[in-house]
Amino acid sequence: MLGRGATSVVYLAEKTGSGKRYAVKVSICDREKLRREAFLLQKFSYPGIPCAVELLESGTKSFLVMEAVNGKSIGQRMRKGERFSSREILKTGIALSGILCYLHAQNPPVFYRDLKPDNVMITERGEIYLVDFGATRGYAAPEQYNGKCDARSDLYALGALLAAMAKHAKKRQKRGLWRVMEKCMQKKPEERYASAREVKKALRRLERKQKGRKTLRIFAVFAFLTGGAAAVASRMPWGQFPAADEWEEQGD
């Protein structure tokens, strides 16, 4: 068994002869919910969303056969005490905001409504998948409990998920990332980002800054090793370089 929810159980199955593995979701008490999920997944074609292979029904049971995702959920890793790198948190945020862009662009738009650590899988190769389109309450935005939901509700949950990862990070995260998370999680929907595309752009900027800081550190080491330290040191107190946060603020 891979997992269990309030209305379904997910098993890992292997196709006889081919050896290919699939995730099979079996309804416990809400067949219509599983049918809706199958209908959605069969429409989607996007990296990070598992493909639905087939919906089977027998007696009182429904079986949704899906692409198996070989990895662990963020929730599983948190419960095991694993720590996330800054790069992994940014990569997760960028991947999920891309998936939300795709869902929100559907006609009519699809609002995921259940973005939480247990529904995000990371494979051994670092691929990020959003699973379980059954839409139950998780890291939900305040307005969802009043029966309201739009694209910005998913953005609230994305900010909450990234904040949870940041609290389980290997080191303290930069101010820029916390600003993005805080804007996603504003209580009033109109004070959040207007779209998942805006969130993705903000996270992409932080990713470029992160790569820039790494390049800067490499340059500094190279300069000292090759005798170029004098040119660098002439612009600042001897032996001192700006802290990473200072470079980040200059980049803003």
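How many bridges join β4 to strand β5, and in which direction do the two run? I counted six bridges, and the strands run antiparallel. I note that this is a predicted model.

**Entry 1: the sheet**

I looked up one facing pair next. E54 stands opposite V65 in β5. Then I traced the whole sheet. It is open and has five strands, in the order β1-β2-β3-β5-β4, with antiparallel pairing. The edge strands are β1 (3-4) and β4 (52-58), and each of them pairs on one side only. I reminded myself of the background: strands of a sheet pair through backbone hydrogen bonds, either parallel or antiparallel.

**Entry 2: the helix on the sheet**

Which helix packs on this sheet? I found α1, residues 31-43. Helix α1 touches β3 (21-27), β4 and β5. Its direction makes about 25° with that of β5.

Helix α1 has 13 residues and reaches 19 Å from its first C-alpha to its last. That is close to the 18 Å expected at 1.5 Å a residue.

Which residues of α1 are buried? My list is K33, L34, E37, A38 and L41. Seen down the axis of α1, the buried residues fall within an arc of 140°, so they line one face of the helix. These buried residues pack against β3, β4 and β5.

**Entry 3: aromatic rings**

I turned to the rings. A pair of aromatic rings is described by the distance of the centres and the angle of the planes. Counting pairs with centres within 6.5 Å, I got four aromatic pairs.

The rings of F44 and F133 have centres 5.8 Å apart and planes at 55°, so this pair is tilted. The pair links distant parts of the chain, 89 residues apart. F44 sits in the loop between α1 and β4, and F133 in the loop between β8 (128-130) and α4 (151-167). Both F44 and F133 are buried.

How do the rings of Y46 and Y102 sit, stacked or tilted? Their centres are 4.8 Å apart and their planes are at 25°, so I wrote down stacked. Y46 lies in the loop between α1 and β4, and Y102 in helix α3 (residues 86-104), so the pair ties together parts 56 residues apart in sequence.

Y46 has 27% relative accessibility and counts as partly exposed. Y102 has 18% and counts as buried, because the cut-off for buried is under 20%. Ring pairs link F44, Y46, Y102, Y112 and F133 into a cluster.

**Entry 4: β7 and its neighbours**

I moved on to β7 (120-123). Three bridges join strand β6 (residues 71-73) to β7, and the two run antiparallel. Here K72 has I122 as its bridge partner. Three bridges also join β7 to β8, again antiparallel. M121 has Y129 in β8 as its bridge partner.

Which residues cover the two sides of β7? V120 and I122 are on one side, M121 and T123 on the other, and all are buried.

**Entry 5: the hairpin turn**

The hairpin of β7 and β8 has four residues between the strands. There G126 takes a positive phi near 85°. E127 lies in the loop between β7 and β8. At 32% relative accessibility, E127 counts as partly exposed. Leaving out residues up to four places away in sequence, E127 touches M121 and I122. I also looked at K91: E127 and K91 are 36 residues apart in sequence and 9.4 Å apart in space, C-alpha to C-alpha.

Definitions and conventions: Residues numbered from 1 in each chain as written. Predicted model: local features only at pLDDT ≥ 70, side-chain atom pairs only at ≥ 80, totals over all residues. Heavy atoms only, no water. Pairing = 2+ DSSP bridges. Contact = heavy atoms within 4.5 Å. Axes fitted to C-alpha atoms, helices over the stretch in contact; angles between N-to-C directions. Expected span 1.5 Å × (residues − 1). Buried < 20%, exposed > 50% of the residue type's maximum accessible area, 1.4 Å probe, protein only. Arc of directions from axis to C-beta. Phe/Tyr/Trp six-rings, centres within 6.5 Å; stacked < 30°, edge-to-face > 60°.
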